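Subject: Handing over the model

Hi,

Here is the structure I promised to pass on.

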Amino acid sequence: MPLTRRMLHMRPMPPAANLPAAASIKVDVDFDTSIQSLSALDAAAYRLIGTATCQIERVGDRYVCHLVSSANPQKRVPLSSDELKERFLNLVTDENLRSRVAEKTEGVRNVILALAFGGLAANQNDAG
Amino acid sequence: MTLPLYGTALQSTGFSSDKARSVIRLRSIESVAERHLADFAIARTSDDIRRAIKTEWPSILVVSDDPIDLSGAFTGRLIAVSAKYDYFADGDVIGFDHASGKFRTLYRRNSAHNSFLVTERCNNYCLMCSQPPKNVDDRWILSEIKESLPLIDQATRALTFTGGETLSDWEDLIDVLKECRDRLPATAVQVLTNGRAFSNSRIVDAWKDIGHPKLMAAIPVYASVDYVHDHVVQAKGAFDETILGILKLKDRGQRVEIRVVLHALTAPIIEDTGRWIARNLPFVDHVALMGLENTGFAIANDAMLWMDPVDYGDGLARAVDHLRAAGVNVSVYNLPKCVLPKSVWPHALQSISDWKNGFVEECDRCDEKHACSGFFTTGRPRFSRGIRAITSQRDRLNALVD
Amino acid sequence: MARFSPPEAFSAATRDLSLLPFNFERTGTGQYLVANMVGDFIRLTEDELRRLVDLQARPGDGLYEKAYAAHLVTGTNQKAQRQLLAARLRSRMSFLQQTTPLHIFVVTLRCEHSCPYCQVSRQSTDRSRFDMSEQTAMRALDIAFASPSARIKIEFQGGEPLLNFPLIRTIVAAAKARSGKMLDFIIASNLALLDDAVLDFCKANDVQLSTSLDGPADLHNKNRPRPGANSHELAVAGIQRAREVLGHDKVGALMTTTEASLDRVDEIIEEYLRLDLDGVFLRPLSPFGFAIKTKQFAKYDAEKWLAFYERGLRRVLEINRQGTPFREFYAALLLTRMLSDRPIGYVDLRSPAGAGLGALVYNYDGSVFASDEGRMLAETGDDAFRLGHVEHDSYNSLILSDKLIGAISSSLTQCAPECSTCVYESHCGADPVYHHATQGDALGIKPLSAFCSRQKGIMSLLLDILESSPEDAAILRRWAAT
């Protein structure tokens with residue numbers, strides 16, 4: 001009897017070795033290397049671990065991200081190809097924004113850390 | 001009825017011209033306390049004057065509207081003031097200008113609300129300022145205060161220093177505070193200040209070095225957003241300096257109270273401000289949320305500032321909740337109980353200085369009058385539409401409505 | 001003539017604005033949760049977030065006010081917010097100044113229960129080679145007293161520690177005879193062996209008791225098999241008896257969650273209420289020792305547990321709304337982190353991790369571990385968190401050991417991938433032992449970590465309640481109040 005998605009919901013999670021091979025979703029997403037950083041793609045791929053694997057390949061002036069949904073997903077509900085692509089794109093957008101924020105705030109962040117803890121070395125004997 | 005703290009003498013004699021002002025302490029004629037050069041016996045009748053002369057008082061202050069006739073029997077210092085100053089009592093301290101005869105009451109021994117105005121200069125220009133700033137050289141005031149301190153009763157519970165900006169001449173003020181520490185070691189001292197001077201480490205360190213046992217800096221903060229606070233105090237950069245000042249004071253273990261005067265610009269956001277203080281400055285020693293005194297600039301800006309307390313009661317109650325949950329001591333000043341939500345009542349204190357405190361007719365039948373702050377008598381008092389005597393009948397009606 | 005300026009006169013020009021550090025997480029279409037450097041939360045739309053990053057917020061637009069009060073934006077030349085954030089950060093990290101306040105003495109491995117999830121080796125009652133010796137105990141006490149903390153808590157565990165009660169007596173007396181520290185004592189016991197001698201001792205020495213109570217009788221006994229099948233009966237009797245002698249607040253109970261618990265949170269809470277306990281600590285099942293062998297851990301995942309937790313928390317809130325004060329203790333801990341900067345004494349949720357720095361565990365045989373879980377791991381043959389031995393190690397050599405420093409530094413949430421940019425990072429912690437046990441390294445891959453999903457799930461739930469229900473929010477805030 002073919003496994004339907006509904007049946008996957010109802011059954012308790014069986015040990016990994018017995019999981020029948022469900023069709024894994026594959027989708028490719030590509031980016032312009034001149035405006036998209038590799039590190040943001042890496043960070044997005046990291047957040048996707050457990051949901052899908054991501055292999056990044058450079059093809060000419062594009063980064064191509066090969067996404068394959070995980071054989072043993074953390075979430076019970078597997079994503080469709082469109083959902084996976086949207087999810088990844090959102091993650092990349094967020095990582096790009098994080099990059100921008102980090103760049104703009106790294107200086108003041110170090111200042112605040114220095115203000116917070118810089119005096120510690122000098123003030124070992126403070127009552128605290 | 002506002003107590004008259006200023007006036008001009010009807011007459012004065014016997015004052016030398018080598019100094020412009022004198023600080024005077026009043027004594028009852030029968031007083032057996034050790035006599036100080038600054039002591040004046042209080043006389044209200046001709047009989048009193050005779051007795052004072054007989055007991056060899058070198059200086060006499062007469063409180064009377066009747067003309068005085070000494071017929072050369074007295075060669076000491078004499079001041080005569082009108083009978084409306086009949087509150088003068090043993091232990092009170094007065095500042096007196098020789099040439100003009102002008103005087104002001106600096107200290108009243110039987111009052112719980114003594115405050116010294118230190119200067120009229122200020123580097124803020126608050127929209128509701130009850131003591132509008134003047135750019136004058138009034139550094140003599142601090143000298144006069146310094147001269148007064150030895151005359152003040154050491155049993156005095158508390159003294160307040162106010163202004164203007166009290167730290168305008170911070171070195172002189174700190175000098176005076178050191179005198180307080182030495183002369184009045186049991187007296188708690190509160191200094192009202194905008195706190196901006198404390199953004200300067202040098203000044204905070206000097207403040208700390210006073211080593212006063214009971215000193216509190218009371219500092220207004222009007223918002224959690226810089227330009228909102230700056231607008232209320234009419235000074236760009238004030239918020240940043242004030243908050244930095246508070247941080248530096250607490251860093252050196254100094255006591256700090258934060259004050260928020262409640263009006264149309266600060267009261268609608270009071271929950272946000274209270275929550276911000278609870279989150280960012282929970283280590284302050286006290287927070288005072290205060291009803292508006294409608295005097296000074298507050299009158300000029302009445303249209304911008306007037307807000308009926310019953311309209312901000314909910315926000316106020318939530319602000320108090322946030323502060324309490326963070327362990328902050330919080331009081332509500334200058335607002336009568338009838339306009340406050342019940343959850344706030346335990347925090348509502350009788351706080352208005354006695355000389356400007358009064359009640360209205362409605363209060364005569366109120367159960368809570370004895371524990372209520374009442375109203376300001378200064379300026380142009382504005383009354384909430386919520387003023388109503390609290391009686392057990394009212395409580396029952398309210399319970400029905402709830 | 002007095003002249004006054006309007007609000008616009010006090011605004012900074014855009015070029016004079018600077019961004020302050022913050023983390024964020026997408027929570028829905030066009031919706032973000034944002035947290036500043038000390039973990040204050042604020043919700044922004046995608047548009048607001050972009051305007052903020054581009055510094056297109058202006059006084060009067062609502063966004064500027066929200067962002068300024070939340071320390072997301074500042075004036076370039078202003079100083080107060082930077083100092084404020086620094087001061088608050090210092091407060092939040094001040095737990096580091098109280099190093100190693102908790103010392104756990106495993107006085108025996110013997111126990112008469114045989115709980116399926118128990119990490120402790122099941123040894124029967126008469127094998128005294130599984131007891132801690134007095135010499136070991138005194139050496140351990142030397143180490144405990146060498147920790148810099150002015151106040152330490154000594155916790156007795158096992159097996160069943162009351163099976164070696166004489167040693168507990170000895171240790172308490174010896175500790176009290178030493179000067180220099182304030183002391184708290186607690187015995188974690190199943191209370192089956194509670195008698196007058198133990199109770200009198202606890203009363204005389206101000207020793208607290210903590211026991212396991214997994215829920216109603218059938219659930220508790222299923223989790224905790226004992227010859228006689230009366231573990232629950234004995235625990236309840238023990239709680240009541242101990243309260244009579246020691247006082248209500250000297251006796252606490254902790255539950256352990258198993259697969260069997262997950263559908264029965266209402267009954268578990270009911271049982272705690274019935275026994276007049278002042279709250280419940282809804283814990284996850286820890287993946288150590290026998291739990292792994294018996295596949296307890298594999299039987300449920302983070303989502304199922306979160307459903308259990310949410311149901312339990314909402315039930316607790318309902319109880320409060322009905323007039324009975326009753327807490328969920330983990331929520332109370334998290335809320336203290338989220339709503340204040342007060343450092344909490346809970347060693348299991350901090351970064352740098354609380355392993356070693358927060359607690360040291362002295363096993364019956366003298367081995368010293370960085371945490372209780374580290375000891376449980378060793379029972380299954382993994383020595384990754386064994387720091388040394390009381391015979392040849394000192395406090396310094398244990399705390400400064402490469403093992404511990406390695407585990408703590410490699411698991412720092414402040415530096416870890418995903419953690420360092422996580423919106424919840426200020427309120428979370430590192431768990432090197434958990435991640436080592438489940439993934440093989442102290443840091444772990446957080447997208448695969450049930451610890452991570454649980455943490456995010458709970459905090460997201462708490463934020464949701466704080467924002468959507470004023471009555472429940474007031475209850476939660478009370479739990480975090482001083």
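Chain B meets chain C through 25 residues of chain B and 22 residues of chain C, where a contact means that the C-beta atoms of two residues, placed from the backbone, lie within 7 Å. On the chain B side, α5 (226-233), α6 (238-251), α7 (270-280) and α8 (297-300) each supply at least two residues. Helices here are DSSP runs of H or I with at least four residues, strands are E runs of at least two, and both are numbered from the N terminus. That side of chain B divides into 13 nonpolar, 6 polar and 6 charged residues. For these classes, Ala, Val, Leu, Ile, Met, Phe, Trp, Tyr, Cys and Pro count as nonpolar, Asp, Glu, Lys and Arg as charged, and the others, Gly among them, as polar.

Before you go further: this is a predicted model, in which local features need pLDDT of at least 70 and side-chain atom pairs count only at pLDDT 80 or more, while totals for chains, interfaces and linings use all residues. Residues are numbered from 1 along each chain as its sequence is written, and chains are lettered from A and ligands numbered from 1 in the order in which they are written.

Chain C also touches chain A, with 22 residues from chain C and 20 residues from chain A. On the chain C side, β1 (17-19), β2 (22-28) and α3 (80-92) each give at least two residues. The largest share, 6 residues, comes from α3(C). Sorted by class, this side of chain C has 13 nonpolar, 5 polar and 4 charged residues.

Now for chain B on its own. There are 11 helices and 18 strands in it. Its radius of gyration is 23 Å, which agrees with the value near 21 Å that a compact globule of 402 residues would have; the radius is taken over C-alpha atoms, and the globule rule is 2.2 Å times the number of residues to the power 0.38. Of its residues, 44% count as buried, meaning that 20 or more other C-beta atoms lie within 10 Å of a residue's own, with C-beta atoms placed from the backbone.

What about chain A? Its 3 helices and 3 strands run α-β-α-β-β-α from the N terminus on. Of its 128 residues, 19% count as buried. The strands form an open sheet in the order β1-β3-β2, with antiparallel pairing; two strands pair if DSSP finds at least two bridges between them. At the edges sit β1 (26-32) and β2 (52-59) of chain A, each pairing on one side only. β2(A) is joined to β3 (residues 62-69) of chain A by 8 bridges, and A:Ala52 has A:Ser69 in β3(A) as its bridge partner. Helix α3 (residues 81-117) of chain A packs on the sheet and touches β1, β2 and β3 of chain A, its direction making about 30° with that of β1(A). Axes are lines fitted to C-alpha atoms, for helices over the stretch in contact, and angles run from 0 to 180 degrees between N-to-C directions.

Back in chain C, how do α12 and α18 cross? The axes of α12 (residues 329-339) and α18 (residues 470-480) come within 8 Å and cross at roughly 85°. The two helices are therefore roughly perpendicular, a label for angles of 65 to 115 degrees. Residues meeting there include C:Leu335 in α12(C) and C:Trp479 in α18(C). This contact has 7 nonpolar, 1 polar and 1 charged residues.

Cheers

Definitions and conventions
Buried ≥ 20, exposed ≤ 12 C-beta atoms within 10 Å, placed from the backbone. Parallel < 35°, antiparallel > 145°, perpendicular 65-115°, else oblique.
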